[in-house]
Amino acid sequence: MFLSKNPQLNSHGELIHLLSTEGLSREHLTHILDTAAQFVSINDREVKKVPLLRGKSVFNLFFENSTRTRTTFEIAAKRLSADVFNLDIARSSASKGESLLDTIANLSAMAADIFVVRHSESGAPYLIAQNVAPHVHVVNAGDGRHAHPTQGLLDMYTIRHYKGDFTNLRVAIVGDVLHSRVARSDIHALTTLGCPEVRVVGPKTLVPASFAQLGVQVFHELEEGIRDCDVVIMLRLQNERMSGALLPSSQEYFHSFGLTHEKLLRAKPDAIVMHPGPINRGVEIDSAVVDGAQSVILPQVTFGIAVRMAVMSIVASHDA
Amino acid sequence: MFLSKNPQLNSHGELIHLLSTEGLSREHLTHILDTAAQFVSINDREVKKVPLLRGKSVFNLFFENSTRTRTTFEIAAKRLSADVFNLDIARSSASKGESLLDTIANLSAMAADIFVVRHSESGAPYLIAQNVAPHVHVVNAGDGRHAHPTQGLLDMYTIRHYKGDFTNLRVAIVGDVLHSRVARSDIHALTTLGCPEVRVVGPKTLVPASFAQLGVQVFHELEEGIRDCDVVIMLRLQNERMSGALLPSSQEYFHSFGLTHEKLLRAKPDAIVMHPGPINRGVEIDSAVVDGAQSVILPQVTFGIAVRMAVMSIVASHDA
Amino acid sequence: MFLSKNPQLNSHGELIHLLSTEGLSREHLTHILDTAAQFVSINDREVKKVPLLRGKSVFNLFFENSTRTRTTFEIAAKRLSADVFNLDIARSSASKGESLLDTIANLSAMAADIFVVRHSESGAPYLIAQNVAPHVHVVNAGDGRHAHPTQGLLDMYTIRHYKGDFTNLRVAIVGDVLHSRVARSDIHALTTLGCPEVRVVGPKTLVPASFAQLGVQVFHELEEGIRDCDVVIMLRLQNERMSGALLPSSQEYFHSFGLTHEKLLRAKPDAIVMHPGPINRGVEIDSAVVDGAQSVILPQVTFGIAVRMAVMSIVASHDA
């Protein structure tokens, strides 16, 4: 037992909110992954449901729209037997001039148990977690450029599933690292779980040298960056970047940083290829690699449901 | 047992629809409040669910958009174990030229049990109630300027919770009474429940003298209107009013009719302050009052779930 | 047992997808109708729910918007105790440039059981069925002009309910047959079920002579077309047709092809009148006929829920 000012933990050091992979111990992360392992098998059963959150109310508060991520949380919550409420925040009281905290206070008063929050502003889930009633748990589903912890955790689950252990791995994260909350969540989780070598790979505009401060190695050349790696995590190139000054064109980007089978030969022969989706085939990754033997992109999706079930069941089991 | 032409009641005088607080007896209102009291405790339990409406189908028909009110009904229905269907009416057959009654007839044929109806036109829920199949119950979730009976009932629940009894209370309703369906539902309920003095308070453009016909006292000055009151119900000032000719500016409105701690001193020391939400802080009410010791605005939200559970379970238990 | 390349059937000849009424045997169709008969009674019960799909995940993938049809599938799935996920496809990854098959692969990886698909392009549900993982079943909820098999089946259910048998019936399908997926699904089902005489009736622009190739009789005059018929199926006239070159005006259309009580006298005295909805009163059908004694339009809606429950429970019970 230890005391902590980490807003994700109660005074017993137990997880009550999931806001970031940063600040969580190896024990916390491992506990989530171990719990998820039990839920993976549930998703293969005839009846894909357990009563762990029966009668609980989960609110999907997506201030930034993302049908896919929202759906994964909705699936996870319903398989835990929770009642799920999808709020169309853009059309609701927020547009009537009500403040974020008044909206949150109102929903809390309806006896909410979990808020799943996506917001375009970094830090919004922290603000919410610090202001909710003690019976409410907050799960960050992506905030600005800051964090996307459930994606980070499902990436860790996938790596552990295929590689067994983190302590002798070389992992490359390739693409628009600068704007990626997924990259940040992956880097913190990998480091905490004991991965000795994390690389970030991309053009200088998207992977500035300052990333070395996070304890990662910076590469500006794809073949060099993924050489001898066990895991290659490709990031989605946002369309809005391609039209801006940061990049010349999607063809040119593909030429330099798109992952092809030929380039993938530089990684270890048994390297796995990951991607958070949705994929831009032919931009950051070649179609043949997406559908190839080393791709574990669809298993990531499957594990993602189990990881979100694990996170929600864990936070809901701890008092503030 | 008595016979009635009241469209809310069956021939035994039992509630089969909730369309308005007007026309309901003190017994009807008290029965709803007493039933709600049992549901308040359910919302504090680990498993916030009772099987009263299991296998029933509740349709949210919101012809006028209101994410928050729709959500409160969805929560209430799911905690009663009903299946809930949210129809995006604006995008549905209504836009294909189908009439309101054809839409209703179709949904009835799908074996609906409860329609929760919000509509911008006063009387729409009555029209629906008079045309549905006998197995369908209608709950008005707000129609035009006419009525918002579940808000009226949750206000009564809140008052009874804090004040115990209506027969020695002085209640002030402050703000845009003219356009408020909440005010109308409150006035009818308060009068029926035996409240001896109901006041309406606001500028002459929003509180015409003709309101006296409803048996209430009309005030055009805030300090005078809330003097020695036990309950102060603040109404939301619709933004569209502020830009019109009815009011000079939101600052000026706040100066005259915004509730501050200083002005609240005119009411009784133990007066409670209510508001149906969403709140315009600094327009009709000062932030410090919203968050102050006399505010019961968040408990109103909590009680609102229980009251809607009570209404749906009561109407569904009676045959037409 | 027989082997088949029909994509709707597994190697045992069992229904694993419902894509079209075309290519299904009389036994398949009759089995669906018989199964639906059991579900009709469930919809009259106090608890309108059976646990057949408990823990299964049904995804409504409506690439073309249709609130009503989506709702009927949602009702059917929830009454089978499935978890239902409505994906707002228009706002989701499809708009981020992801391909249809990548979207489908992702949702499959979330352990989906049934995809209910509506798409503006004919054949889209086939493409999906041929690419889903073996554990996923596809139900076509309308694709382009091609097929709307659950509507066809509910029409068959309705006819069998009122007429008992198909082998001595004369059925007329009236209106915009050219653009109607309902008409195609009805024609295939009626023919397979042994109906000896199917007629299509409408102006030459909407009912070309080439329809005779489907084994139906073509009429360009309403009174003649419905003469001595047992069943008259009126099709909805799409508004967009009326403004185009195909038709002069809705008044003129009503004059020639709108079904009135007077014209209905040409059919058999006990003929039933059907319509898939939503109805254009006064365009393809007179209000008095819609609400008249021969109309079975609302029973169609009721049977539609049961038919969709039957289809989903049948396909989900068979392995690919």
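This is a predicted model: local features need pLDDT of at least 70, side-chain atom pairs count only at pLDDT 80 or more; totals for chains, interfaces and linings use all residues.
**Entry 1**

I started with strand order. Chain C has an open sheet of five strands, and reading across I get β7-β6-β5-β8-β9, with parallel pairing. Which strands are at the edges? They are β7 (217–219) and β9 of chain C, each of which pairs on one side only. A reminder to myself: strands in a sheet pair through backbone hydrogen bonds, and the pairing can be parallel or antiparallel.

**Entry 1: strand β8 of chain C**

Next I went through β8(C), residues 231–234. I took its pairing with β5(C) to begin with. Strand β5 covers residues 170–174 of chain C, runs parallel to β8(C) and is joined to it by four bridges. I picked out two of the residue pairs: C:V171 has C:V231 as its bridge partner, and C:V174 has C:M234.

Then I turned to β9(C), residues 272–274, which pairs with β8(C) in the parallel sense over three bridges. Here C:I233 is partnered by C:M274 in β9(C).

Are the side faces of β8(C) buried or exposed? Both faces are covered. C:V231 and C:I233 are buried on one side, and C:V232 and C:M234 are buried on the other.

Helix α6 of chain C, residues 181–192, lies across β5, β6 (197–201) and β8 of that chain. I noted its direction too: α6(C) runs at about 165° to β6(C).

**Entry 2: chain A against chain B**

I moved on to the contact between chains A and B. On the chain A side I find 19 residues in contact with 22 residues of chain B. Which elements of chain A give two or more residues to this side? They are β2 (83–87) and α3 (100–109). Helix α3(A) gives the most, with four residues. By class, the chain A side has six nonpolar, six polar and seven charged residues.

Last, I checked the superposition. Chain A goes onto chain B by a rotation of 120° with 0.0 Å of shift along the axis, at RMSD 0.0 Å. That is the relation of a three-fold axis.

Methods:
Residues are numbered from 1 along each chain as its sequence is written. Chains are lettered from A and ligands numbered from 1 in the order in which they are written. A residue is buried if 20 or more other C-beta atoms lie within 10 Å of its own, exposed if 12 or fewer, and partly exposed in between; C-beta atoms are placed from the backbone. Two strands pair if DSSP finds at least two bridges between them. Two residues are in contact if their C-beta atoms, placed from the backbone, lie within 7 Å. Ala, Val, Leu, Ile, Met, Phe, Trp, Tyr, Cys and Pro count as nonpolar, Asp, Glu, Lys and Arg as charged, and the others, Gly among them, as polar. Copies are superposed by least squares on the C-alpha atoms of residues with pLDDT of at least 70 in both. Axes are lines fitted to C-alpha atoms, for helices over the stretch in contact, and angles run from 0 to 180 degrees between N-to-C directions.
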